Amino acid sequence: MGELSVRELPLFPLPEVVLFPQEVLPLHIFESRYRIMLKSVLESDSMFGVIKWDPNKKSMANVGCCAQIIKHQTAEDGRSNIITLGQQRFQVLEIVRSTPYCSAMVSWITDENIDSFQSLDLLRDSVTEALNDVVKLTSKLTNSQKVLPDKLPENPMELSFWIGAHLGGPVAEEQQKLLEERNTHTRLQREFEMLDHTRKQLAARTALKESFPDIKEN
């Protein structure tokens, strides 16, 4: 990400979208201001910030994730399709301009130092077990084959980001909280609680389905 801890970064506010480190985000660029931003970004280091936009409050979040363009294609009409990869998280310090696109001074943020690697590894294992149970129970309940990637991240922080990025449903608010959290243990613990709650719900529904196979769920 470079040695500078503070830098100016173009921002791309997106409604209900939270990008996490190492996650792929495809984007379609069609607005004129973001075409200008894309041209500028491609001429520099291919980096810009993805940040959650609240359309109701008309406001941006304070923490986002830097996106690096890894592939781009521009059509004759000027529209572009790009593939980005989440890099480091950042905190907005100051908006330095709003036209033609928003740009801000940001500082990079990371998680706090770990006090106990042993307890963190145990929590990681519990989270992984709960995640596997949720996938197996979902497959059983829906009579479909749900599978996890062959190799989930073993690093607890990377795993916490992966889970945050793959939460199902309209969960942008929860994802934003997980992105902003700077303690790996706290983030993983919150994810374990969500997965464990889901696991218990799915287990109960599966037991009901097995006991009363003729009952159709709504």
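Mentor: Buried means under 20% relative accessible area. Keep that cut-off in mind, and remember that this is a predicted model.

Trainee: How many residues of helix 3 are buried?

Mentor: Seven of its ten, so by that cut-off helix 3 is mostly covered. The buried residues are Pro 156, Leu 159, Ser 160, Phe 161, Trp 162, Ile 163 and Gly 164.

Trainee: Which way do residues along a helix point?

Mentor: An α-helix has 3.6 residues a turn, so residues three or four places apart point the same way.

Trainee: Which residue caps the N-terminal end of helix 3?

Mentor: Asn 155 does. One of its side-chain oxygens lies 2.9 Å from the backbone nitrogen of Met 157.

Trainee: Which residues have the most contacts inside the largest nonpolar core?

Mentor: That core has 18 residues, and those with the most contacts include Trp 162, Ile 163 and Leu 195. Helix 2 (117-142), helix 3 (156-165) and helix 5 (184-211) each supply at least two residues. Helix 2 gives the largest share, nine residues.

Trainee: What does Ile 163 touch, leaving out residues up to four places away in sequence?

Mentor: Val 127, Leu 131, Glu 191 and Leu 195. A second, separate core has 17 residues, among them Leu 25, Phe 48, Cys 65 and Tyr 101.

Trainee: Now Asp 111. Is it buried or exposed?

Mentor: Buried, because its relative accessibility is 9%. Asp 111 sits in the loop between strand 7 (103-109) and helix 2.

Trainee: Which side chains make polar contacts with the side chain of Asp 111?

Mentor: Thr 184, at 2.5 Å, and Arg 187, at 2.8 Å. Beyond four places in sequence, Asp 111 also touches residues including Arg 89, Met 157 and Glu 181.

Conventions
Residues numbered from 1 in each chain as written. Predicted model: local features only at pLDDT ≥ 70, side-chain atom pairs only at ≥ 80, totals over all residues. Heavy atoms only, no water. Core = buried A, V, L, I, M, F, W, Y, C linked by side-chain atoms within 4.5 Å. Buried < 20%, exposed > 50% of the residue type's maximum accessible area, 1.4 Å probe, protein only. Helix = DSSP H or I, 4+ residues; strand = E, 2+ residues; numbered from the N terminus. Contact = heavy atoms within 4.5 Å. Polar contact = N/O pair within 3.5 Å; in protein donor to acceptor, adjacent residues only side chain to side chain.
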